[in-house]
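Here is a briefing on one protein model.

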Amino acid sequence: MKKLVLSSMALAMLAGHAHAQSSVTLSGSIYGGLGLNSGGVKSNQAMAGTSSFMLSGKEDLGGGSAALFKLENGFNLDTGAQASATTFFNKQAFVGLQGGWGTVRAGRVYTPAFATLSLVADPTGTYAVGTTTNLMETHGVRLNNGIIYNSPGFDPWTYARRGFYGAAAHYFGESATGGSSRNSATGFYIGYGEGPLVVELSTHKGNAYTSATQDIDSRSTLLAANYKFGDVRAYIAYSDNSARNIALNTKTKDNNDFLIGVIFPAGVGKVTASYIRKDDKLPANNDAYQIAATYDYPLSKRTKVTVGYAKINNSNAANTYKVNNGYAGTTANTAGTSSFTVGLTHGF
């Protein structure tokens, strides 16, 4: 009998351990399509595939607290290659704790300002050929060696908002020379989300050091909002961006970005459209604007066909800004100033 009881306890412990392991979730999004690009060195056609998969998990610690993690990999469906040649979990990689006091995460995480850009300002969520990242400042996107605190009003696990909230983050440069400020960054945001309205104000300050003559301090401030009128959601955003090479005491960036966008239903699908303008204040005067629109046609809850178009008009012949993203299938060397795309997305 004693052996039977011990065996039963061992089986129960193993079953509990197996259940805890099964709480890890595999999810992701796979995109495959065709991009027809023009306005570059030459017109080109490219298979495209901005895709990712994510391992995530959340464990209830009791008392309203939880431990959580995410590990996210980006890859190119057209080639099967990793999106980053050096970083396997090149999107997000963090572990954290959550409770009634908010959420703390550590690792490779989105900067607060990029979170505002993608979740509040950009009607595509940066997931289409007309993404804001073609033209607007990206505020660091994801940075390594970071620690970020989100107040209780915003849940970074579900993106749910409730009243007023805020966030503060710091990314340690961990430079071998030059002190802890080299290649570091700090960001904040405050926001309000209730009912149909979301509004956020973000700031980002960073340093990029590559040599004794390339030591760049940058600053960005972004104000964004979106509001739902019935079945239509409207977007507006404005950012002020500057940078200075402190080694040479020269200004390397001084511009403003302005965006308006909309999402509205069209038949069983939806149309997403946006206009972005960049006002460059440096002598080069690299002003530009982008117009973009996509139509999503759902085949199921997880699968959709997307037709998209994006065009950038530059004020000078240098064509500084181009449609450079995975949906167009372009790189810095192959991108042009316009792209028409058609593709299939499956989420899992």
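Helix 2 (residues 112-121) is largely enclosed by the rest of the structure, because nine of its ten residues are buried. Buried means under 20% relative accessible area, exposed over 50%, and partly exposed in between (1.4 Å probe, protein chains only). Helices (H or I, at least four residues) and strands (E, at least two) are DSSP runs, numbered from the N terminus.

This is a predicted model: local features need pLDDT of at least 70, side-chain atom pairs count only at pLDDT 80 or more, and totals for chains, interfaces and linings use all residues. Residues are numbered from 1 along each chain, and side-chain values use heavy atoms, without hydrogens and water.

**Helix 2 and the cores**
- The buried residues of helix 2 include Pro112, Phe114, Leu117 and Val120.
- The largest nonpolar core has 31 residues; Leu117, Val129, Tyr189, Ala237, Leu259 and Val323 touch the most other members.
- A nonpolar core joins buried Ala, Val, Leu, Ile, Met, Phe, Trp, Tyr and Cys residues through side-chain atoms within 4.5 Å.
- Helix 2 gives this core its largest share, five residues.
- A second, separate core of seven residues includes Val109, Ile148, Ala169 and Ala185.

**Surface**
- Val342 is found in strand 19.
- Val342 is partly exposed, with a relative accessible area of 34%.

**Confidence**
- The chain has a mean pLDDT (the predictor's confidence in each residue, from 0 to 100) of 92, and 93% of its residues reach 70 or more.
- Residues 1-22 have pLDDT below 50 and zero contacts (heavy atoms within 4.5 Å) beyond near neighbours in sequence.
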